[in-house]
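Subject: Structure for you to look at

Hello,

Here is the structure I promised to pass on. Please open it first, then read my notes below alongside it.

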Amino acid sequence: MTTMIDRLAIIGVGLIGGSLARALREAGAVGSVVGIGRSRANLEDALSLGICDEITQDVLEGVQGAGMVFISVPVCSIPAVVAEIAPALAPGCIVTDGGSVKTAIVRECEALMPAGCHFVGGHPIAGTEHSGAASSFATLYRGKRCILTPTEHTDPAALETVDRIWRLTGAEVCSMEPGHHDRIFAEISHLPHVVAYALVHAVGTADVEGENVLSYTAGGFRDFTRIASSDPAMWRDIALMNRGALLASIDGFSASLDELRRRIDSGDQAGLTEFFTTAKQFRDGIV
Ligand code: NAP
């Protein structure tokens, strides 16, 4: 295929940024990829794994001449990174991101764009609990959704380009308003992560006659808590940046847990069966 982006800059060559670079290289959609990051060791991994053609820790040098800049650092750092690179962007450059929270990022990054450059918010719905360039792989996005969050300020041509690059990774692309995105992902992603962290924290600090109860865990506990192995700094940022929507989701969950507790406490057999049956039906309905 003809190259869509002559020079792609990836800021934060970890699981998400590294996987995008790998997929676009495989698709022949990019001329060259420059990887930008803080630690030399991760960038050296990205270079030796063939994810990038060039690496640099100098973000201003890295974005020079780039037709597209993809930012995949923890969400709270994204606006600061955009503020830093804005003066160095080439005319016509498209800046896009993979952050898991959208309202604050889109609002702040749109306002930071110099004239002639365009910001498009994005969030690929794919991931693992692993981090860093070495954990990235080209097929991460295949068959997965990628959500773009345009606003009334979004340039239609830039949106079309970002849509096309995600389709080239094998992702199914859809668009929604940033606030709607954040309320949905508070429920289906951010709440499960904080619940998993809370559960492992509670069980890990439980004192049952001095026993380390975690040594007895089996498949169910491990399946349910896999996501509590995710990077703490990334999830701290997501929780804080989507605070309003996440607190509403936590309140809904607390009400559900309180109701379950009440039914257990009162020995309400029929109520418990009804509660578990309804939840099972929801779970079985997930395709
Ligand atoms: P990751 O594997 O830890 O990669 C992030 C990379 O960013 C690291 O290589 C880190 O390298 C670099 N970095 C951190 N702060 C930086 C900064 N200020 N400037 C430049 N580089 C910086 O994390 P990830 O899983 O790819 O997540 C990246 C983004 O994708 C986050 O915004 C997250 O919300 C989003 N996301 C994640 C998932 C998921 O399941 N993991 C799914 C969808 C979206 P150094 O340590 O060397 O700086």
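Predicted model: local features only at pLDDT ≥ 70, side-chain atom pairs only at ≥ 80, totals over all residues.

The sulfur of Cys-109 has its closest cysteine sulfur in Cys-76, 12 Å away, which is too far for a bond. A disulfide here means a pair of cysteine sulfur atoms within 2.5 Å.

Residues are numbered from 1 along each chain as its sequence is written, and side-chain values use heavy atoms, with hydrogens and water left out.

Are these two cysteines buried or exposed? Cys-109 is buried, at 0% relative accessibility. Cys-52 is buried too, with a relative accessible area of 4%. The cut-offs are these: buried is under 20% relative accessible area, exposed is over 50%, and partly exposed lies in between (1.4 Å probe, protein chains only).

Now the whole protein. Of its 287 residues, 45% are buried. Contact means heavy atoms within 4.5 Å. Among contacts with a separation of 6 or more, 74% join residues 24 or more positions apart.

Next, the strands. Two strands pair if DSSP finds at least two bridges between them. Strand E1 (residues 5-11) pairs with E2 in the parallel sense, over six bridges. There, Ile-10 stands opposite Gly-35 in E2. Six of the seven residues of E2 (residues 30-36) are buried, so this strand is largely enclosed by the rest of the structure.

Which strands form the open sheet with mixed pairing? Three do, in the order E7-E8-E9. E7 (122-124) and E9 (172-175) stand at the edges with a single partner strand each, so one side of each has no neighbour in the sheet. The twist averages 20° from one strand to the next. E7 pairs with E8 (residues 145-148) in the antiparallel sense over three bridges. Pro-124 stands opposite Cys-146 in E8.

Look just past E8. Thr-149 lies in the loop between E8 and helix H6 (156-168). Thr-149 is buried, at 0% relative accessibility. Leaving aside neighbours within four places in sequence, Thr-149 has contacts that include Lys-102, Gly-121, Met-176 and His-181.

Last, a helix pair. The axes of H10 (residues 243-265) and H11 (residues 269-284) come within 8 Å and cross at roughly 145°. Axes are lines fitted to C-alpha atoms, for helices over the stretch in contact, and angles run from 0 to 180 degrees between N-to-C directions. Residues that meet in this contact include Leu-260 and Ile-264 in H10, and Leu-272 and Phe-275 in H11. Arg-261 is also in H10. Arg-261 is exposed, with a relative accessible area of 57%. The C-alpha atoms of Arg-261 and Leu-272 are separated by 9.6 Å, and the two residues are eleven apart along the chain.

Best wishes

Technical notes
Helix = DSSP H or I, 4+ residues; strand = E, 2+ residues; numbered from the N terminus.
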